[in-house]
Each structure stands twice: as structure tokens, then as C-alpha cells.
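Please keep the sequence and the 3D view at hand while reading.

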Amino acid sequence: MLLLFETPAGFALFKVLDEGKLSKVEDLWKEFSSSESARKVVKLKAFSKFENTSEALAASTLLIDSKPSKDLRKFLRSHCDGETLAVADSRLGNAIKEKLKIDCLHNNAVMELMRGVRSQLTELISGLGVQDLAPMSLGLSHSLSRFKLKFSPDKVDTMIIQAIGLLDDLDKELNTYAMRVREWYGWHFPELAKIVQDNIQYAKVVKLMGNRVNAANLDFSEVLSEEAEAELKEAAVISMGTEVSDLDLLNIKELCDQVLALSEYRAQLYDYLKSRMNTIAPNLTALVGELVGARLIAHGGSLLNLAKQPGSTVQILGAEKALFRALKTKHATPKYGLIFHASLVGQAAPKMKGKISRSLAAKTALAIRYDALGDGQDNSMGLENRAKLEARLRVLEGRELGQSAGSTKGKPKIEVYDKDRKKGAGALITAAKSYNPSSDIVLERNSVTDAEMLTKGDEALPSKKRKHEEGEERVDEDGEKKKKKKKKKTEVENGDQDNEVNEKQKKKKKAEQIAEPGDEETASKKEKKKKKKHTEGEDEAQDNGKEEDDATESKKDKKKKKKEKKRSE
């Protein structure tokens, strides 16, 4: 059995002299306690040396993926005829068995054997000293790590992460120191805080002036404008501040020196960050700016990790707390995170910030991937996408109704809604409505002829008939008046009956309230009797009304018969 062992100098094949010792795995380490005992177990059969570092790197990368290199296959073909091969990787053994038809072995005994050979490697391989093996292994490990990570000195984004973190810390410290200067010097000259708003200018004025008495004799033209200088000198004369000692002013000036030194260092750090961002992520810088781009990289961990994120994640990066709170409370999720501070989002109207941030996040994700994985070093892609986003912003705000960056072209066509017309169809669903003369109301033929006879033949009719018809009309009018009077009488009578019934019910309720609990049964019986009487009274009133209606109908019949008799005469 042969043992394949990989070293930084090359591949080594060892012949296992006593295979029986492999059965005792627990005691195998004792055989490699010394070089002499180790030579009794294994013996070097062949060695394939790497010619240079690139060859060693290529072989090592293939071994990591469990693939044999060309040189290794040639080496095994020439020395492994009819032998079983012990390997440290089972997947490598399967690959060798498929391609070279060599039986491979991998178990705990083989791994323990590999450990023993590694401990006595310099003794088993002649010509390979410890002083040579250590630098070989170190160089190979460095080259392998560079190859795996695609290392490039110009693409180190850790400098950006550290620089933006330090820049934020400097801003906080500057703000704290400047507020301390204002509070401290405000006891001596409180009016200065309203005259000079900028913190750096305030520190310069305090350092130059010292005591407010010196303001009248100093020139502040290098720090302040003429108007502010004149106002300062007037306020120094009539100031309400307290007097301070020279020692206090000395400490205040030293604090002003610290503020000015920090501001200068911050300006240098910003220039450094700007140059690094233009080198590492030029397209991202063109889209969102140096500070926002650096904060996105720092929040993502690295440029490569940020390139793996989709546009929707880039959009809300930095607003994770608000996102999870919205998901928990089932409210609207945030529309933007760190990307809100980009200039394009700041230019948009409040209603359009969500749309622009979504479009900007999509373009930013593309720019990040191009910067992280692309070979180009220019910012042409970022500038082109920025121009498209600016055009889209103008379209959304109604400034320009030309072609936008998206698929929509020009102004949308607005049509009047018509329920009878199909979408995209020229014809109507239903025919247009026309005038229908048959729906008009027309008088009957007999009534028309009677009307014509009345209008045209009034003179031809005899005088008796005219008088008879006028009499009939008067009789009809008198009958209708009598009917109305009878109805009113019946309504008045019914109303009186209802009033009486209501008064009776009220009396009953009062009696029930006064009565004792034991008389409930008698009271219920009385109520039933009264209800029966009430229903009987209502029935009688209805019968009386029917009789009156019958009487009026009989009178009408008699009148009609009299009229017919008169006409026949």
C-alpha cells in the first residue's frame, strides 16, 4: 500500500512497510516517536517537486476542490501500478479512482498514519530541512489566500469603513467641544452666540479676541463680514456678561485650539475618504455621493457583501429598527434608510421621495455590483444612471413631459369615459338611443270625438240638454261634499273613542301600582275583560262605517237611475 502526502515543496509517495500495524490505530503514534522507528513503518518511494510558486498554487487550489492536477496524475500513473493508494481526502480518492482506475483508501488508520508522517517529515524526506519547509509553507499560504480572496491593494474597502467611522466620531466630538466653548465663554460675552452662528468661526473669534474689552482695537475682517464685525464691536461695549480672569481665558483659548485642530483634521480625513471612494467605488460615488456611499459600505460590512444585496435591501439599509417595528405593529414599512441623505432624494418633493428612493436604490445596487466585480475603473455607468434619474425626477414633478427614463413615452392620452363604448373599439356596445313616438300618451278616439262634439256642436244642442247636464254636474259636486263631511265625522268619533281608551288604560296602570302583590291575578283578569270590550267597540265602529258606506253607495245608484230616466224622456 502506498501513501500520498502533500507538502509545500511537492507530492511525496511513501511505501507502507508493515500494514499489520495499521490495525492498531490507538498505538500507531508510538511508531513515530522517533525517526528510526518511523523508517520501519514507511519509506519514501518517489517525490514530485514543484518548479515554482505558481505551480504549487495551481496544484493546491485543485486539491482544495478535491481535483487532481495533470502533474499529479502523471506522477500516480508512473508509480501506482496495482497498488492501493491511501489519501487524506475521500473525495480526492473518488476522483483518482474514476480517472486513473487506482483503488484508494481513506479511514481513521490512514489519518493517524498521515499525522505520524507529518511529525517526522524532515527525517523521512532527505534534503528537505526545517529551515526550507517553513518559508515554503508561509509563501504558499499567502499566495493561496490572495488567490481565494482576489486580493488587490486598490480594492481595500476596510480603509473606507474605518475612515467613515472616524469621521462620524469627529463630528460628534467637534459638536461637543464647540458647545462647551459657547457655554464657557458665554458667561463673559453672551451676545456673541447670536452674532456668530458657525462653531468654527466662533472658536476663531474667541481665540483672537480673548477679553471682550479688546474687541474695539482688533480687526476681524479675516474671520467675519463687515456687518458682523460692526455688530460684535457694538455688543462688546454694552455686554451684560461677567468679568473673567486671565487664567480662565487661557483655558478657553486652549479649548478653541482643540476645536480648530479637530476641524482641520476632519477636512483632511474627508479629502482622503473622497479619493478612496473615487478609486474603489466610482459609480456608487457618482450616484449617491462619498459620505452616503461610504456609510452603505460600512453598514454592509464590505463592498462585496453589499453587492450581494438586492435593491430593496439597499433602499431600507439603515432603517432596520423601523422596519421590524412596522412589521410587528402591522404598519407601513419605511421607504428609505441611509439613501435618504443622497442629493437626488433631497431634491424630490415629499410625495415623490418614495418613488425616487426606490429607483435610486435599484440603480445603486447595479453600480455596487459593477464596482465590486467589474474590471472597469471609470464612473461612466454611474453618471449615465444619475442623468436618467434626474430626468425621471423632472417627469414626476411635471417639469418636463418628454420621454422619461422608463418605458412610458410622452404625455398619457386622456379620454372621456363612455359606458357604451368598449376599450380600444370604435363601435358602440349598444345602438344609440333614438326618439320613440309610440311611448307618447295619446287620447282615445271616442274621447276625442266627444270633445270635438262638445266644442263644435254646442250651438246645435237643445237648451234642455244643456240645462240637464249642468244640473248633473251640480248634483255630483254636492254628493262629493257630503261624503267629505261624513268622513270627517267618523274620524272625529274614532279619535274620541281612542282618547277614552287611552284614559282607561292610564287609570288601570295607576290601580295596578297601588294594588298589592297578591292581587296580580285579579288585575290580569280585569285587563283581559277590558281588552275584549275594547276590541268589540272597535268592531262595532268598523261595522257602523261599513253601513254608512253602503248607504252612500245606494244613494249614488238611485241618482244614476234618475239621470238615465230623464235622458230617456
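**Overview**

Of the 569 residues in the protein, 31% are buried. The model is a predicted one, with an average pLDDT of 78 for the protein. Its secondary structure consists of 23 helices and five strands.

**Confidence**

- A pLDDT of at least 70 is reached by 71% of the residues.
- Residues 400-412 have a pLDDT below 50, and this stretch makes eight contacts in the model beyond near neighbours in sequence.
- Over residues 515-522 the pLDDT also stays under 50, and there the model has zero contacts beyond four places in sequence.

**Surface and contacts**

**Helix α4**

- Helix α4 covers residues 90-100, and its buried residues are Leu92, Gly93, Ala95, Ile96 and Leu100.
- Viewed down the axis of α4, these buried residues fall within an arc of 160°, so they line one face of the helix.
- Arg91 and Glu98 are exposed and sit on the face of α4 turned away from the buried side.
- What do the buried residues of α4 pack against? Their partners are the strands β1 (2-6), β4 (85-86) and β5 (104-105), together with the helices α2 (53-64) and α3 (70-79).
- At the start of α4, the backbone nitrogen of Arg91 has a side-chain oxygen of Asp89 within 3.3 Å.
- Lys101 follows α4 and has a positive phi, near 60°.

**Nonpolar cores**

- In soluble globular proteins, nonpolar side chains tend to be buried together.
- The largest nonpolar core in this model has 63 residues. Tyr185, Leu192, Met209, Leu232 and Leu360 are the residues with the most contacts inside this core.
- Helix α12 (residues 246-280) gives the largest share of this core, 11 residues.
- Which residues does Leu192 touch, leaving out those up to four places away in sequence? Leu192 touches Tyr185, Tyr202, Val205, Val206, Met209 and Leu232.
- Another core, of 24 residues, lies apart from the largest one, and its members include Phe5, Leu22, Leu28 and Ala109.

How values were computed
Residues are numbered from 1 along each chain as its sequence is written. This is a predicted model: local features need pLDDT of at least 70, side-chain atom pairs count only at pLDDT 80 or more; totals for chains, interfaces and linings use all residues. Side-chain values use heavy atoms; hydrogens and water are left out. pLDDT is the predictor's confidence in each residue, from 0 to 100. Contact means heavy atoms within 4.5 Å. Helices (H or I, at least four residues) and strands (E, at least two) are DSSP runs, numbered from the N terminus. Buried means under 20% relative accessible area, exposed over 50%, partly exposed in between (1.4 Å probe, protein chains only). The arc is that of the directions from the helix axis to the C-beta atoms. A polar contact is a pair of N or O atoms within 3.5 Å; within protein, one must be able to donate a hydrogen and the other to accept it, and residues adjacent in sequence count only if both atoms are side-chain atoms. A nonpolar core is a set of buried Ala, Val, Leu, Ile, Met, Phe, Trp, Tyr and Cys residues joined through side-chain atoms within 4.5 Å.
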